[in-house]
Amino acid sequence: MRLSKGFFPTVKEVPTDAVIPSHQLMIRAGLMRQLTAGVYSFLPLGYAVMKKVMQIIREEMDAIGGQEFHLPALNPIELWEETDRVKAFGDIMFHVKNRPMVLAPTHEEVITAIAKNHVKSYREMPQIWYQIQTKFRNEPRPKSGVLRGRQFTMKDSYSMDATREGLDRSYDLHAEAYKRIYTRCGLSFYIVGASSGAMGGSGSQEFMVESNAGEDNLAVCAESGYAANVEIATSLVPPAERFEANPAVEKVHTPGCRSIDEVAAFLKLPVARCAKSLVFMNGTAPVLVLMLGNDQLNEAKLQGVFGQDIRPAHPEELAQITGADAGSIGPVGLPATVTVVADRRLQNANGLVCGANVNDHHLVNVDLGRDAKVSAFHDLRSVEEGEMSPDGKGKLRIVKGIEVGHIFKLGTKYSSAMKANFLDEKGEEHPIIMGSYGIGVERIVACHIEQHHDEFGIRWQKGVAPYDVHLIMVNKNSEAVVAKSEELYAELTKQGLAVLFDDRSDVSPGFKFKDADLLGMPLQVIVGDKNLKNNEIELKERETGRRWNAGVASVVGDVVSYVRN
RNA sequence: CGGGGUGUGGCUCAGCCCGGUUAGAGCGCUUGGUUCGGGACCAAGAGGCCGGAGGUUCGAAUCCUCUCACCCCGACCA
């Protein structure tokens, strides 16, 4: 493609609305333009990258036996009522105003509807069905360019198996395919254990790219390779102590002490002797949660125990339930209607300080087994930077990450709800055992830029670069330069390379070099007067900035072998 | 949904507090000329009912009220 003919709207100035590098560069390099919040038009150069990424995905999905579908984005709302996900998605799902229809935010329902009608026997499985299509989600706050949009492209696939073992195989196939996809897309990534959230199901892993622009926090350990979303991450931390002496509970006056630090300082006890109480409402049922010291409660873990509907109690509710305000609440002497759960670190603990359920008073010498009715101990705390990895091999680091893929063992959640059943070899009917596997296509593009750019622009890696080489005709006034540039353009194209040819006659050489660095093709071929007089052509590697000259006679071969590696 | 910020030519912004001729700059664009290896120069041009509606005033980009859009932080996030 000739730059003089094509549509490549580059911009020198950083767009005001873009704050992260990938967003800025996607605008500046003319990959895309925003239409409205969370909705972007892909311009030819950006779409060329999208197509490259989608092709890689397609090849790897096909390689594990995937079959590509094209599914409707417009769905009857009844379909989503069958699985109760109209409610589950809530405001996230776009509803059509003049028909009882919705815009699909994902495709479990449509896939399951097809399977229900056509997959009737264990003999017909396993199946892997996928699509690469636009999804719609009414994100409350779109942000970071294409990283969180209201309309985006997603590859999602669904596996159907007759057995749990089959599901495990399908899941593993996807995990391996995903590793190949991200590697081919030039991303370095973590595979982390994740919470399956509202998708349901038994197991899930996320593929995460480390980035400051990320919205998820990960606990990673370089020594052991441990990596987990902090929503489920664990660490090796000692439990609270158990003391021999176990005196009776005593109520003490603790004026003005609201936080754990204040209470510990006032009583001259270590923070690790304190048990912090938090009150939640599980629907209408109050739940008191105990954490050791200043351990942070992990609400995702709490939701794992009680479900999605649990929420912090309001201040009025606190007083009503416990008789005290936050800071003086505790597990001793609560009404039987209050469920008490505690973090595992508190198991068997005694000698604790807790709120007395009377403002400005605390209890000391509390033995949770003796003095309170703790119904269960769970892992409820958030891990902290610097704690030991659960395998004990090294310290945890907390990093931010961008989710570029998520794989789930769904099980039978959707097949049961929609009665998508099959007959096994004994003639017994069972719901199909499903998996669901997603990849955000735009996120791969944005993450690629996040990981491969510098102050001058993008540095595409070979696998996803929209063009293989950027051919620069430096000086249009030199007939020799023009002729050689045209010749190279024709010849390289003939060799099967995708060539972006800066043949513009109305911009200065400097302008062309800046544009080439901004657009970021892996190799620049620079045809200029001075080198040409010596029968040489300059080559520049964008990644490293390395430059070298090739002889006129060998340059085509050199470029071709560089591109093909 | 809470908190903060911004809307002025295609882009980046000034002007607004303290109302007062024809609303500015740089970049980009058009025309002509010069230039040609790291975002060139000269000259002449085109382009804006200052996000929208209402109000105050002799007079509003500027003050007041409402509203819309976008961005950021938080909440939320299969």
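Where is the place of Ala-516? I found Ala-516 in helix α14, residues 509–519. Helices here are DSSP runs of H or I with at least four residues, strands are runs of E with at least two, and both are numbered from the N terminus.

**Ground rules.** I am working on a predicted model, in which local features need pLDDT of at least 70, side-chain atom pairs count only at pLDDT 80 or more, and totals for chains, interfaces and linings use all residues. Residues are numbered from 1 along each chain as its sequence is written, chains are lettered from A and ligands numbered from 1 in the order in which they are written, and side-chain values use heavy atoms, with hydrogens and water left out.

**Entry 1: around Ala-516.** I looked up the exposure of Ala-516 and noted 0% relative accessibility, so Ala-516 counts as buried. Buried means under 20% relative accessible area, exposed means over 50%, and partly exposed is in between, with a 1.4 Å probe and protein chains only. In α14 I also noted Lys-512, Asp-515, Asp-517, Leu-518 and Leu-519 as buried. Leaving out residues up to four places away in sequence, Ala-516 touches His-470, Ile-472, Met-521 and Gln-524; a contact is a pair of heavy atoms within 4.5 Å. Gly-30 is 486 residues from Ala-516 along the chain, and their C-alpha atoms are separated by 12 Å. After α14 comes Gly-520, with a positive phi near 80 degrees.

**Entry 2: the whole chain.** I counted 16 helices and 31 strands in chain A. Its C-alpha trace spans about 100 × 65 × 50 Å along the principal axes. Of the 565 residues, 52% are buried. The accessible surface is about 25,300 Å², and 51% of this belongs to carbon and sulfur atoms; the areas come from the Shrake-Rupley method with a 1.4 Å probe, and for residues only the protein chains shown count as cover. Among contacts between residues at least 6 apart in sequence, 68% join residues at least 24 apart.

I then looked up the domains, whose bounds come from an automatic or database domain assignment. Chain A is divided into domain 1 (45–208 + 411–449), domain 2 (250–378) and domain 3 (469–564). The C-alpha centres of domain 2 and domain 3 lie 69 Å apart.

**Entry 3: nonpolar cores.** Which residues have the most contacts inside the largest nonpolar core? I noted Val-53, Ile-57, Tyr-178, Ile-181, Tyr-182, Ile-444 and Trp-460, in a core of 57 residues. Such a core is a set of buried Ala, Val, Leu, Ile, Met, Phe, Trp, Tyr and Cys residues joined through side-chain atoms within 4.5 Å. Helix α2 (residues 44–63) gives the largest share of this core, eight residues. Domain 1 and domain 3 each supply at least three residues to this core. A second, separate core has 27 residues, among them Ala-324, Val-340, Leu-352 and Val-374.

I followed one residue further. Apart from its neighbours within four places in sequence, Ile-57 is in contact with Ile-132, Lys-155, Ile-181, Ile-439, Val-441 and Ile-444.

**Entry 4: rings.** I counted 10 aromatic pairs. Rings of Phe, Tyr and Trp (its six-membered ring) pair if their centres lie within 6.5 Å; planes under 30 degrees apart count as stacked, over 60 as edge-to-face and the rest as tilted. The rings of Phe-189 and Phe-207 have centres 6.2 Å apart and planes at 45 degrees, so this pair is tilted. Phe-189 lies in the loop between α6 (164–184) and β9 (190–193) and Phe-207 in strand β10 (residues 203–210), so the pair ties together parts 18 residues apart in sequence.

Is Phe-207 buried or exposed? Phe-207 counts as buried, at 0% relative accessibility, while Phe-189 is partly exposed at 23%.

The charged end of Lys-409 sits over the ring of Tyr-171, 4.8 Å from its centre. Lys-462 lies over the face of Tyr-562, at 4.3 Å from the ring centre.

**Entry 5: backbone.** Most residues other than glycine have a negative phi, and most peptide bonds are trans. I noted a cis peptide bond from Met-125 to Pro-126, with omega near 10 degrees. Pro-126 is in the loop between α5 (108–118) and β7 (127–136). Lys-419 has a positive phi, near 55 degrees, and is exposed, with a relative accessible area of 59%.

Technical notes:
Lys NZ or Arg CZ within 6 Å of the ring centre and 35° of its normal.
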